[in-house]
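Here is a guided walk through a protein model, going from its overall layout down to single residues. Keep the structure open and turn it as you read.

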Amino acid sequence: MPNQPNKWTRISAALFLLLSGGWLQSGCHTPTPEEKGKKLADKYCSGCHLPVSPDLLDKATWTQHVLPAMALKLGIRVWSGNHYYPPMPGEKPALISIKEWTALVAYYQTQAPEKLMPAKPPVPLQHDWSIFSLQTPVMKDSLEPAATTLVAFLPDGNGLLTSDGNNNTLTRWNRDRQVVNTWKLPSPAVNVLFAKDSSGQQAGVLTEIGNMRAVDVPAGIVTRLSLDDPHSQQKDLMPFLKRPVQTLTADFDKDGLEDMLVCAFGHNQGGLYWLKQLPDHTFKNLPIWEVPGALQAIIGDFNRDGYTDIMALFAAGDEGIWLFENDEKGGFTSKNILRFPPLNGSTSFQLTDFNGDGQPDILYTCGDNADFSMVLKPYHGLYVYLNEGNNKYRETWHYPVNGCTKAVAADFNHDGKMDIAAIAFFADFQNNPAEKFIFFEGGNKPLSFTPHAPPIEKEGRWICMDVKDSDGDGDLDIVLGNYARGFIILDDYKPDWKEYQPFIVLQNNSKR
């Protein structure tokens, strides 16, 4: 037989090949500029939010808008849009060197696409009224466009409320959509809770935002107003909040006094706050988590220990949904449920059971587009995350809708299947204005929908929505609030919808 290498020769050869072709080679590998850029992005972005892939925005948006804004947050000076310099002597040191920042910018500039391609919906829109018909308000001539910030059906079918951001008013309308009364407010209301006061009159706990623009001025108020008294004056429950957007009530510490929970979106500052009611019926502000972007909360006993917990959506920077479990000692412990990229612009969420397994799933929308990246984004829209137990959720359904603002899931047509109504404030007005309102009719299979777009594109631009049986006929109606001007992200686009109409009602005819 020919000579064969002995056992140790074979082992030595194999070891040499392993070292030269495996980890030894990788240890000597010189990272490419792309690899360096990704490593820097992971390092410097993940401290504040999820790292962002370059393909989520186009080159121009990255280099002209987003990266200059991020440079300032890291201590890099910006000149003439996108020229970068280190801090001046005596200034606070930057969090990143100018060399690393230049490499980071080059990574996004070279890897980002020239243009974002629009998403293709899995099911095309059906342009029909579906189960709805249109009702409009009875109005006198208006001197300024509508800037509706709140729409809410009153309990027991007694009409509805609207608030306006141009003139800071709250208006009550009757069932025939005629004005009953108008109150002047310090700032527009964006949320209302209904309750009876001590005399049995209808009262509203209003969340007044302070300023629609992104500022940190503490001008927001949680206040109470009698809605049956045209001369009533608001009674402030908690002033000096930074852009509060939602208020809920619950007895968090089981002392027999109803507390409040406030989401203060803020700008660079904000937070989730427990307003604990004291024996003298005043409220003490207890921060739960002080970060900007607190947008919406849902309360419930999620861990079934007998105490009220909180699930909250944060929509600025580090976007996501967090669970705050009541520790039964006057505090909360937090767990992250879902986390989203900062470009999502999260706008709403709802807990509902989509697959009939008895566990609440998450309906989530994203589409806020009034920031540094004001371009249409193909990943905006509606998402469903199915509950897999132990606070784990899996993305199962997505329908792209540019600038999606809110969605409400319910059985609108009484066929035993879950439907969804959705609005989009930053819709593609030029190419797909019908997506401003879509009714997703549930199909025979879970999470299968037929999307209907009623012909209401010219009636307004929808920023808020409420769902309730407003006429007592057993089905759910929809009211949409029109914010007619401002926050237009499309260049040279002139609105072609009605500007003086504050709202419309979509009357549900499925029971007729």
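First, the ground rules. This is a predicted model, in which local features need pLDDT of at least 70 and side-chain atom pairs count only at pLDDT 80 or more, while totals for chains, interfaces and linings use all residues. Residues are numbered from 1 along each chain as its sequence is written, and side-chain values use heavy atoms, with hydrogens and water left out.

Let's begin with the layout. The domain assignment gives domain 1 (33-111) and domain 2 (132-508); bounds like these come from an automatic or database domain assignment. Taken over C-alpha atoms, the centres of the two domains are 34 Å apart. The contact between them takes 14 residues from domain 1 and 13 residues from domain 2, where contact means heavy atoms within 4.5 Å.

Now look inside. A nonpolar core here is a set of buried Ala, Val, Leu, Ile, Met, Phe, Trp, Tyr and Cys residues joined through side-chain atoms within 4.5 Å. Buried means under 20% relative accessible area, exposed means over 50%, and partly exposed is in between (1.4 Å probe, protein chains only). The largest nonpolar core has 59 residues, and Trp101 and Ile310 have the most contacts inside it. This core draws at least three residues from each of domain 1 (33-111) and domain 2 (132-508). Another core, of 32 residues, lies apart from it, with Leu363, Ala422, Ala434 and Phe449 among its members. As a general background, nonpolar side chains tend to be buried together in soluble globular proteins.

Helices (H or I, at least four residues) and strands (E, at least two) are DSSP runs, numbered from the N terminus. Helix H5 (residues 98-111) has 14 residues and reaches 20 Å from its first C-alpha to its last, close to the 20 Å expected at 1.5 Å a residue; that expected span is 1.5 Å times one less than the number of residues. Which residues of H5 are buried? They are Trp101, Leu104, Val105, Tyr107 and Tyr108. These cover an arc of only 150 degrees around the axis, so they sit on the same side of H5; the arc is that of the directions from the helix axis to the C-beta atoms. On the other side of H5, Lys99 and Thr110 are exposed. The buried residues of H5 pack against helix H3 (33-45), helix H4 (59-73) and strand E2 (83-85). Leaving aside neighbours within four places in sequence, Trp101 itself touches Leu67, Met70, Ala71, Leu74, Ile76, Tyr84 and Ile96.

Next, find Ile310 in strand E17 (residues 309-314). Because 6 of its 6 residues are buried, E17 is largely enclosed by the rest of the structure. Asp309, Met311 and Leu313 point one way from E17, and Ile310, Ala312 and Phe314 the other way. Strand E16 (residues 294-300) runs antiparallel to E17, joined by 6 bridges, with Ile298 opposite Met311; two strands pair if DSSP finds at least two bridges between them. E17 also pairs with strand E18 (residues 319-326) in the antiparallel sense, over 5 bridges. These two form a hairpin with 4 residues between them, and Gly317 in the turn has a positive phi of about 75 degrees.

Back in E16 you'll find Ala297, which is buried at a relative accessible area of 4%. Leaving aside neighbours within four places in sequence, Ala297 is in contact with Gln246, Leu248, Leu261, Cys263, Ile310, Met311 and Ala312.

Strand E29 (residues 477-482) is mostly covered too, with 6 of its 6 residues buried. Strand E28 (residues 462-468) joins E29 through 6 bridges and runs antiparallel to it, and Cys464 stands opposite Gly481. E29 is also joined to strand E30 (residues 503-508) by 4 bridges, again antiparallel; there Leu480 stands opposite Ile504.

Most residues other than glycine have a negative phi. Arg243 is not a glycine, yet has a positive phi of about 50 degrees. Arg243 sits in the loop between strand E11 (235-241) and strand E12 (244-250), and counts as buried at 9% relative accessibility. Asn391 has a positive phi near 60 degrees, lies in the loop between strand E22 (381-387) and strand E23 (393-400), and counts as partly exposed at 29%.
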